[in-house]
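Reader: I have a new structure open and would like to learn how to read it. Could you walk me through it?

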Amino acid sequence: MEGLAIRGVEEEAWRNLPLAYALPAAVMRTRGLIRRFSPDAVLGTGGYVTAPVGIAAASSRVPFFLQEQNAEPGRTTKLLARRARVVASAYDETAGHLPGTTVVRTGTPVRPEFKPPARDISALRHLVVFGGSQGAHRINLAVVESLKPVLEEHADMTVDHVCGARDHDWLHSFRSGLPADLADRYVLQPFVERIDRLLGSADLVLARAGGSGIAEMTAMGLPMILVPFPFAGEHQRHNAEPLVATGAAVMVRDQELSGAQVTSIIKSFRKPDGGARLSRMAAASRAFGRPDAARDVARLLLERAA
């Protein structure tokens, strides 16, 4: 494993002065690594660290490819797209943001453990909540506001909540104050290493709309309530919208999220027609998902690098 000393672009121009040195230095270091490893192709997955890698690969005449996880490409992908032979995308919509670039929808690679479970989703009994690796405070607040009435009204429901380290102590105190029969059906963790195992038993997931998370959830064919992160150019909203359009997800804007709304959505899935609705959402999620994306990206590189 090799590292590069590079940083992202800041909004305030003066903060980017160190890049005038860091970027050329990182490009030169990457060109040295390319000479040493002599790769047949180079694949970048976006993010600022990909910038010197893509520039070095193109200037070294090594076939360069990109994989974009988000519907609207990030700044680095837009910068490097014309240098890439192909951009492997997770969304059809990505091509519209990259004119003059060959874009092939492959999906975003996920571990082989993320695959549709051998069961039909036809009733809401297990809700999984997570907000990404750091958790999401807005989602955590909504869970606190909705949890007690939801569990009291629906005695066969359980909630697994991956809350992030920042809010764990507060939420642990909240759980400790619940009646024992409710606390037993509310499983709280700051993080999980094997999210695939947790998702494998979910009937519905309440989560952010990051590219990798959506790739994992759709690879497993899960119905989703998506709450896009409201910053970073609202790129997560663009990730969620195609899932809503296909019927795989319900989207709630972060600023509109509340415990009352979560309670209302859950109640809608508990109505007599709720199971059929979940089943349709699961089918749409499976149709969108690409559990074999890693294979398809590799095949694309083998075909286009020659």
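Predicted model: local features only at pLDDT ≥ 70, side-chain atom pairs only at ≥ 80, totals over all residues.

Reader: Now helices. At what angle do helix α4 and helix α5 pack?

Author: Angles under 35 degrees count as roughly parallel. Helix α4 (residues 137-153) and helix α5 (residues 168-176) pack at about 5°, and their axes are 12 Å apart. That angle is why α4 is called roughly parallel to α5.

Reader: Which residues make that contact?

Author: From α4 you have His 137, Asn 140, Leu 141, Val 144 and Leu 147, and from α5 come Trp 170, Leu 171 and Phe 174. Sorted by type, the contact of α4 with α5 has 6 nonpolar residues, 2 polar and no charged.

Reader: What is the order of the strands in the open sheet?

Author: The 4 strands run in the order β1-β2-β3-β4, and their pairing is parallel. β1 (42-44) and β4 (103-105) are at the edges with a single partner strand each, so one side of each has no neighbour in the sheet. On average, neighbouring strands are turned by 25° against each other, direction ignored.

Reader: How many bridges join β3 and β4?

Author: Strand β3 (residues 86-89) pairs with β4 in the parallel sense over 3 bridges. Val 87 stands opposite Val 103 in β4. Helix α2 (residues 50-59) packs on the sheet, where it touches β1 and β2 (64-68), and its direction makes about 150° with that of β2.

Reader: Last topic: the core. Which residues touch the most other members of the largest nonpolar core?

Author: In soluble globular proteins, nonpolar side chains tend to be buried together. Here the largest nonpolar core has 64 residues, and those touching the most other members include Phe 130, Tyr 186 and Met 217. α4 gives the most to this core, with 6 residues. A second, separate core has 13 residues, among them Val 62 and Leu 66.

Methods: Residues numbered from 1 in each chain as written. Heavy atoms only, no water. Axes fitted to C-alpha atoms, helices over the stretch in contact; angles between N-to-C directions. Helix = DSSP H or I, 4+ residues; strand = E, 2+ residues; numbered from the N terminus. Parallel < 35°, antiparallel > 145°, perpendicular 65-115°, else oblique. Contact = heavy atoms within 4.5 Å. Nonpolar A, V, L, I, M, F, W, Y, C, P; charged D, E, K, R; others polar. Pairing = 2+ DSSP bridges. Core = buried A, V, L, I, M, F, W, Y, C linked by side-chain atoms within 4.5 Å. Buried < 20%, exposed > 50% of the residue type's maximum accessible area, 1.4 Å probe, protein only.
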